[in-house]
Amino acid sequence: MIVEIGHYALVLALALSVIQTVLPFWGARARDASLMGIGPVAAVGAFVCVAIAFGALTWAYVTSDFTVRNVVENSHSLKPLLFRITGLWGNHEGSMLLWVLVVALFGALLAVARSMAPGVLRADALAVQGLISVAFLTFIISVSNPFARLVAPPAEGQDLNPILQDIGLAIHPPLLYIGYVGFSLVFAFAAAALIGGRIDAIWARAVRPWCLIAWVFLTLGIAMGSYWAYYELGWGGFWFWDPVENASFMPWLSGTALLHSILVMEKRDALKVWTILLAILTFSLSLLGAFLVRSGVLTSVHAFATDPGRGLFILAILVFFIGGGFALFAWRAPLLKTGGLFAPISREGALVVNNLLLATACATVFIGTLYPLALEGLTGDKISVGPPFYDATFVPLAMALLLLIPFGQALAWKRGDLAGAVSRLLFVMGVSIVACLAIVFIQRGGPVLAVIGLWLGIFVFVGGVNEILSRSWKRGAPLSVVLRRAAGLPRSAWGAAVAHAGVGVCVIGLAAQAWSIETLGSARPGQPLTVGPYDVVLTDSFSRQVANYREDVARFHVLQGGVIIRTVDASKRFFPARNTSTTEAGISTIGFGQVYVALGDAGEHGLGVRLYWKPWVLLIWIGALIAAIGGALSFSDRRLRVGAPTRGRRKEPAGKEAVAIATVAAQ
Amino acid sequence: MTRKKRRLLLIGSAVAVLGVALGLVLFAMRDTIVFFYGPTELAQKNIQPGARLRIGGLVKEGSVERLASQQVRFAITDSTSDVRVSYAGLLPDLFREGQGVVAEGVLQPDHTFVADKVLAKHDERYMPREVADALKKQGVWQGEEKAGAARP
């Protein structure tokens, strides 16, 4: 019964989304406020309906209702509760439902959030967001129904792919989807601006918070996915330049560019057409990611053709929104009044370079991801484009970008002073060079590229710190004054400085992996193996039965100079429901570094093990987390909240909003 | 600086960055791309030793030899031709005789293959795509197997 309610709610959500699309759009054309007013109600209603559907499917999973095919294929009654719930989005149908839930969530948020966007723009944006819901709901209901029942239900489910039975599945997809889909709202605003034929700083201010939310979640989602792959796959790698990873990285790159170009638009009323293009591009790349992952085209170019129902449907959605977006752009963009040009040496000039480099870097990832597919489709030749390709193309562009971050930060808006910026950065350069040389000296050298990378990371990090210091510290000022000044800086200034410092930390962690050490060996009890500064010795091995799998555990001691400092368990798990085994790496954190123990096969020479010492590896993800915190700080900036009371005039929020609207009306 | 000059500067720098990127991509395409062959294709195409390749097929029954210090030797077959492979390191969980694998490495002058990477996915139903295609070519493919769930 509950399952049928879920299915029914999904159909109802489709109807409401159609209303959300048609009525506000019509109302905006007819300048009819009551028609436009239906949009938000429909959006909230659609969200509630999708949430009910999602809840119903969750219920089916929690209670192990094996009359539902989706549950049979992906669940097992012995599975722990958490993995029964997360198993919902560990498969095609469920993850599409999660996707639609997030689309509807953003529609509802736009409907209820106080926004500084003028009424018509908001109505149009809501209509476009509704259209996206309509497309994906139609897809789910017609070819990807998660509520399909089985006529002859089995007694037990087929269990979830063991590799997905991990806390990572609980966190990674929701974060990633909020990021991906968050850009749909930015796309909706861009389309609305094109339909309305007007775009200005108000638009930029209305869109930036949404863009920030999407960016923060996408950053966290990618970082989480990378850490998950690192500890679960047992290869000690954290980024494989695999098409699925690239699918999430491309929207991140173009979304980062968008975040910066919106800033130029907000402050200087320039780069308008480019910003709109980026907004369309970012969501297009999100859709492309969904297509690549969900259509099966990656598993086989030919498998795609054998399952036309789903693959072609997603391709149609992709073509409709990307094609529609660009067609609208080609048709309406010439109508937009372009903003002024500006001096090359200025903050906005630096942001243009930032955009240029990010967009180009994104293009190289795009080529590396799609070229093999295109080549195989055209000639049948099979190639793999791996890390060496990206090392030769993406990495140099990223390095140029990193080098420029502190300079861009140090330049003023409108007319920057390059000599002044350089002289202000001398301190930063000095500190970073000294720190880098000290590290290299302690490590007794290292690869040149890694040393450069390390320096760049430190340079960007110190540059971020300096951004706050230089604006709050004055010679001879007491500490309390400095702190007060630092606290008084706008949140967006803090946000930018923290985010850039986070990027620096992440790059330091990436560069430090050049010093990681790998040892292969056979472990026998009592015979230590050396990995970097540590010795690892097998002390114990035993088996145990846990929930839905059996586990063979090998226990190791990590020794430093003969003293035991850590105990770490590595294991092999066997899942009878799928007749599959997985390897769980043993990871022991020492400072920011980790000792990583992966098990191989037991042979006559002992238990095969692969050991890694990965110095500072945690900085990669800590850096991403810091960057995301920077984004969140920027989001909390009071200037982004319309009608938010300014300091000292707390009593008149309504007045300011009225002024803002009057300004828009007057234009 | 005049408007025209500024615009020129902007377009010029965009062209310069794109040009550099294009150069990098073309350069990388020549050197870093790895072709995939099945054992039969490898025998037919007369590939120069020293080239970096991926080869895929099934691990031949009874061919796996485990030597000391994690050295492994095995043969990859498509039931028409075999390639001898040697590899040092841990094999993936689902490396078994009769299972599909992809090995990446360098072809030696004596037509053996020294792999530095061996891939077999974690799901027993999963067959690496290239392997499935190579086997289909040789007519030894047995049924359409469903690919395992990828990471979402």
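**Reading the two chains**

Tutor: Chain A contains 20 helices and 10 strands; helices (H or I, at least four residues) and strands (E, at least two) are DSSP runs, numbered from the N terminus. The radius of gyration of chain A, taken over C-alpha atoms, is 27 Å, close to the 26 Å that the globule rule gives for 667 residues, so chain A is as compact as a globular protein of that length. That rule is 2.2 Å times the number of residues to the power 0.38. This is a predicted model, in which local features need pLDDT of at least 70 and side-chain atom pairs count only at pLDDT 80 or more, while totals for chains, interfaces and linings use all residues. Residues are numbered from 1 along each chain as its sequence is written, and chains are lettered from A and ligands numbered from 1 in the order in which they are written.

Student: What percentage of the residues in chain A is buried?

Tutor: A residue is buried if 20 or more other C-beta atoms lie within 10 Å of its own, exposed if 12 or fewer, and partly exposed in between, with C-beta atoms placed from the backbone. In chain A, 52% of the 667 residues are buried. For chain B, 34% of the 152 residues count as buried.

Student: How should I read a pair of packed helices?

Tutor: Two packed helices are described by the angle between their axes and the distance between the axes. Axes are lines fitted to C-alpha atoms, for helices over the stretch in contact, and angles run from 0 to 180 degrees between N-to-C directions. Helix 9 (residues 243-268) and helix 13 (residues 347-379) of chain A pack at about 160°, with their axes 9 Å apart. That angle makes helix 9 of chain A roughly antiparallel to helix 13 of chain A; angles under 35 degrees count as roughly parallel, over 145 as roughly antiparallel, 65 to 115 as roughly perpendicular and the rest as oblique. Their contact residues divide into 14 nonpolar, 8 polar and 2 charged. Here Ala, Val, Leu, Ile, Met, Phe, Trp, Tyr, Cys and Pro count as nonpolar, Asp, Glu, Lys and Arg as charged, and the others, Gly among them, as polar.

Student: At what angle do helix 2 and helix 6 of chain A cross?

Tutor: The axes of helix 2 (residues 33-62) and helix 6 of chain A cross at roughly 35° and come within 10 Å. Residues making this contact include G39(A) and A43(A) of helix 2 and A123(A) and G130(A) of helix 6. By class, the contact has 7 nonpolar, 4 polar and no charged residues.

Student: How many residues does each chain give to the contact between chains A and B?

Tutor: Chain B gives 40 residues and chain A gives 48. On the side of chain B, helix 1 (3-32), strand 1 (34-37) and helix 3 (129-138) each give two or more residues. Helix 1 of chain B supplies the largest share, 15 residues. That side has 23 nonpolar, 6 polar and 11 charged residues.

Definitions and conventions:
Two residues are in contact if their C-beta atoms, placed from the backbone, lie within 7 Å.
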